[in-house]
Amino acid sequence: MSTPTGPASGLPVRMPRPRQPGRHRRPEPLVAPEDAPALVLAVPGAPSSATRSLAEEVVSIARSELPGLDARIGYLDGDEEHPSLTSLLAHAAEERTARFEQARAAGVDVKEPDGPVAVVVPLLAGPDSALVRAIRQAVMDSRVAAELTDVLGPHPLLAEALHVRLSEAGLARADRARLFTVATAADGIILASVGGDEAVQAAGITGMLLAARLAVPVIAAALDQEGSIASVAEQLRGAGAQQLALAPYLIGPEIDASLIEEAAREAGCSAAEALGPYPAIGKLALAKYTTALGIAPPQAQNTPAH
């Protein structure tokens, strides 16, 4: 039985555990700096229900990695309910100015903010020049001090995500270390990107990482270049591959999903799902943000202290 002042006599009292000294102590959790710029996820296209769900899950992953993070979503083609990237950035700037003025009115000695209002991270796996150009223009139209990062790839985590999507579709082993086979496992992968030659070259870097994971040839091709998918399919079959698979090097909103189905039919093979809200996407978006601000990424917190 407890009393108003604490536990009843004789009951154990929960005391905070002392911090372990030395190299085995747990690191302090990383939190977003006070008044840090917002992370704004720049999403291609319009806010459909599928796109909204995907974007919200990505920012949720980023927030879970960095507590206190102000993460927002801006669409290239927004609507009344879901703001465009331009209007969202303008609103973020107005909010920051209002907070500064309120603090000064309350007599708080604060410096006028001079850093970026936001760090804008394109929700793109590869360098789609048209979409990156559109995102950059939207940032400029906002007339707000915002920093635009590079796209998310190439990166080993994207190779991991591609592997998982292929395994979910039954087109690759989930774990190459286990001694079992998948009857439908592909022996040649077409890595489908959008954005022209530059995007194909960048996808090829991640493709090499995927090939090392699967021990099968992986060649990048452009969904937005006529004949590119069929040409790569022919190249893989000419090299001895008998069962091909198409792996979209896309997060999702960049392109109409029907184009992936058409490309798979053109190549005569099955296709995996787009990367979507795989956890690595949120982590990579956060990594772009922390790098832009010079903040140690959350992964650094796992390093033992000395």
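The protein averages a pLDDT of 85, and 82% of the residues score at least 70. Here pLDDT is the predictor's confidence in each residue, from 0 to 100. This is a predicted model: local features need pLDDT of at least 70, side-chain atom pairs count only at pLDDT 80 or more, and totals for chains, interfaces and linings use all residues. Residues are numbered from 1 along each chain as its sequence is written, and side-chain values use heavy atoms, with hydrogens and water left out.

Over residues 1–17 the pLDDT is below 50. Beyond near neighbours in sequence, this stretch has seven contacts in the model. A contact means heavy atoms within 4.5 Å. Residues 300–306 also have a pLDDT below 50. That stretch has eleven contacts in the model beyond near neighbours in sequence. Where pLDDT is low, the predicted coordinates should not be read in detail.

Helices (H or I, at least four residues) and strands (E, at least two) are DSSP runs, numbered from the N terminus. Two strands pair if DSSP finds at least two bridges between them.

| Strand pair | Bridges | Example partners |
|---|---|---|
| E7 and E9 | five, parallel | Leu191 and Ala247 |
| E9 and E10 | two, parallel | Leu246 and Ala271 |

Strand E7 (residues 188–193) is mostly covered: six of its six residues are buried. Buried means under 20% relative accessible area, exposed over 50%, and partly exposed in between (1.4 Å probe, protein chains only). Gly188, Ile190 and Ala192 are buried on one side of E7. Ile189, Leu191 and Ser193 are buried on the other.

E7, helix H5 (residues 196–214) and E8 make a right-handed β-α-β unit. Right-handed means that, with the strands pointing away from the viewer, the path from the first strand over the helix to the second runs clockwise.

Ser228 is found in helix H6. Ser228 counts as buried because its relative accessibility is 16%. Leaving aside neighbours within four places in sequence, Ser228 is in contact with Ala221 and Ala222.

**Nonpolar cores**

A nonpolar core is a set of buried Ala, Val, Leu, Ile, Met, Phe, Trp, Tyr and Cys residues joined through side-chain atoms within 4.5 Å. The largest has 52 residues. Leu166, Ile189 and Ile281 have the most contacts inside it. Helix H8 (residues 279–293) gives the largest share of this core, six residues. A second, separate core of 20 residues includes Val40, Leu85, Ala92 and Ala138.

Ile189 touches a set of residues that includes Leu166, Leu210, Val218, Leu236 and Ala247, not counting residues up to four places away in sequence.

**The sheet around E3**

Another open sheet has four strands in the order E4-E3-E5-E6, again with parallel pairing. Strands E4 (71–75) and E6 (146–148) stand at the edges with a single partner strand each, so one side of each is left without a neighbour in the sheet. Neighbouring strands are turned by 30° against each other on average, direction ignored.

Strand E3 (residues 38–43) and E4 pair in the parallel sense over five bridges. Within E4, Gly74 is the bridge partner of Ala42. Helix H2 (residues 85–105) packs on this sheet, touching E3, E4, E5 (118–122) and E6. The direction of H2 makes about 145° with that of E4.

Pro253 is found in the loop between E9 and helix H7 (257–267). Pro253 counts as buried because its relative accessibility is 16%. Pro253 and Thr51 are 202 residues apart in sequence, yet 6.2 Å apart in space, C-alpha to C-alpha. Leaving aside neighbours within four places in sequence, Pro253 is in contact with Val43, Pro44, Thr51, Leu54 and Leu123.

Methods: Axes are lines fitted to C-alpha atoms, for helices over the stretch in contact, and angles run from 0 to 180 degrees between N-to-C directions.
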